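Good morning, and thank you for coming. I would ask you to keep the sequence and the structure in view while I speak.

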Amino acid sequence: MNFDQLKQAIIEYSKEIGIDKIGFTTADPFTTLKMRLIKQQELNYQSGFEESDIEKRTNPALLLDGAASIISIAVAYPTRMKEKRKGKKGARRGLFARASWGEDYHTVLRERLQKLEEFIKSKYPEARLKSMVDTGELSDRAVAERAGIGWSGKNCAIITPEFGSFVYLGEMITNIPFEPDQPIEDLCGDCNKCLKACPTGALVQGGQINAKICISYLTQTKDFLPEQYRSIIGNRLYGCDTCQIVCPYNKGVDFHFHEELEPEPEIAKPLLTPLLSISNREFKEKFGRTAGAWRGKKPIQRNAIIALGHFKEESAIDDLQKVLKDDPRPVIRGTAAWALGKIGTEKARQVLRSARKKEKDKDVLNEIEHALAD
Ligand code: B12
Ligand code: SF4
Ligand code: SF4
């Protein structure tokens with residue numbers, strides 16, 4: 001088998017199946033990444049969403065017998081909605097980050113990789129292949145960087161010269177010794193825009209993140225959001241795009257190559273108040289196909305309540321009252337108390353005072369006291 005010819009055939013085929021960029025690298029261990037991951041763990045800078053076994057994360061040979069190379073893929077996604085939905089007083093909207101627009105990228109990229117696997121097997125039946133997207137052991141970014149897909153920006157994102165950083169990444173480990181591609185030049189230079197723009201200071205220095213205070217992470221937690229971040233997250237319901245939006249390499253970047261990644265405005269920018277009473281079934285029906293739904297409805301509802309507080313949305317007082325009175329989840333009741341405190345009108349304070357008389361949960365009572373004290 002001529003593996004150079006096979007590589008060319010794979011590159012050609014990848015364009016036909018909606019892969020926007022493809023690169024090849026060896027399956028050698030990721031040694032600098034390994035040191036980096038250990039350091040991040042020591043500093044408690046990891047989110048907890050990543051695979052915890054550092055050996056598996058950095059040694060592809062542990063994941064596929066006879067691993068010889070890795071194929072990295074990138075798929076570009078839109079940054080602007082064709083149809084805009086503006087939030088007005090009385091009809092406020094929240095925002096899902098762009099990585100949650102359209103169909104869940106895990107499904108989309110896995111389907112592309114599956115097709116690529118079938119193609120490779122049809123040409124070379126001895127191929128052993130293992131594909132992953134996001135939830136696999138490998139660092140998708142470290143693979144993409146080494147395979148020349150893009151450079152690793154100070155905002156931590158892989159930035160491609162063609163599509164900026166608004167690309168999803170995935171990869172396939174193979175037992176085929178493909179000729180590796182070369183990494184590309186880091187073009188960040190003296191720029192520091194992303195570090196300056198990060199609302200929480202999560203980018204502690206170029207290329208290093210404290211994931212525990214990254215808004216993207218915070219929007220995905222299920223507990224009370226620490227008070228100091230509530231005003232900062234604004235109306236974000238899932239994820240954060242700030243450090244990518246400010247990046248000069250994303251200026252004017254907006255690719256609409258894939259129908260399934262087109263955002264549905266009512267889903268990507270939903271009205272906030274209806275989220276407060278949405279049932280599990282309705283949530284699944286409306287948001288279930290998006291990447292942002294993976295933690296269930298609770299974090300989204302909590303963030304919607306925070307957003308209403310952020311907007312000081314008086315028309316939401318009755319709905320917040322209902323939540324504070326009837327919702328069985330203390331995190332949701334307590335956050336509603338915070339939002340009512342932010343709204344701060346006499347009516348909102350009256351709701352808080354009457355809730356104080358009946359509330360039994362000490363965390364919620366604490367939130368009510370704080371809201372009334374402000
Ligand atoms: C955990 C996780 C998170 C965490 C932590 C993010 C982080 N930066 O580590 C949280 C929840 C915060 C998060 C947020 C987001 N995420 Co995320 N996340 C992941 C996940 C599952 C693991 C990342 C990880 O292991 N991080 C640990 C760090 C240490 O390693 P790394 O970033 O993977 O690798 C780089 C560093 O190690 C660095 N490095 C190594 N050694 C050294 C040494 C020095 C000196 C320096 C400077 C750097 C350096 O180089 C590597 C290559 O870039 C990956 C999927 C995957 N399996 O890889 C997606 C992934 C990174 N996320 C992705 C996305 C889209 C996002 C968000 C944009 C979503 C959003 N809109 O809210 C934000 C962006 C936040 C940010 N600025 O990074 C994409 C990134 C695509 C791209 N173009 O880069 C990925 C690859 C998912 C995917 N398959 O597409 N995410
Ligand atoms: S995603 Fe938002 S909070 Fe996280 S590092 Fe980027 S700008 Fe900061
Ligand atoms: S904003 Fe500037 S420093 Fe940050 S990733 Fe983009 S080019 Fe690099």
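Predicted model: local features only at pLDDT ≥ 70, side-chain atom pairs only at ≥ 80, totals over all residues.

A residue is called buried here if 20 or more other C-beta atoms lie within 10 Å of its own. By that criterion, strand 1, residues 21–26, is mostly covered, with five of its six residues buried.

Strand 1 has a partner in strand 2, residues 69–76; the two pair in the antiparallel sense over six bridges. Within that pairing, I22 has I73 of strand 2 as its bridge partner.

Let me turn to the domains. How does the domain assignment divide the chain? Domain 1 comprises 3–86 + 101–174, and domain 2 comprises 205–252 + 264–373. Between their C-alpha centres there is a separation of 32 Å. To the contact, domain 1 contributes 22 residues and domain 2 contributes 19 residues. On the side of domain 1 that touches domain 2, there are eight nonpolar, nine polar and five charged residues.

I close with a pair of helices. Two packed helices are described by the angle between their axes and the distance between the axes. For helix 15, residues 346–358, and helix 16, residues 362–373, the axes come within 10 Å and cross at roughly 145°. The crossing of helix 15 with helix 16 is left-handed. Which residues make the contact? From helix 15 they are R349, L352, R353, A355 and R356, and from helix 16 they are L365, I368, A371 and L372. By class, the residues of this contact are six nonpolar, no polar and three charged.

How values were computed: Residues numbered from 1 in each chain as written. Chains lettered and ligands numbered in written order. Domains from an automatic or database assignment. Contact = placed C-beta atoms within 7 Å. Nonpolar A, V, L, I, M, F, W, Y, C, P; charged D, E, K, R; others polar. Axes fitted to C-alpha atoms, helices over the stretch in contact; angles between N-to-C directions. Helix = DSSP H or I, 4+ residues; strand = E, 2+ residues; numbered from the N terminus. Left-handed = near helix turned anticlockwise from the far one by under 90°. Buried ≥ 20, exposed ≤ 12 C-beta atoms within 10 Å, placed from the backbone. Pairing = 2+ DSSP bridges.
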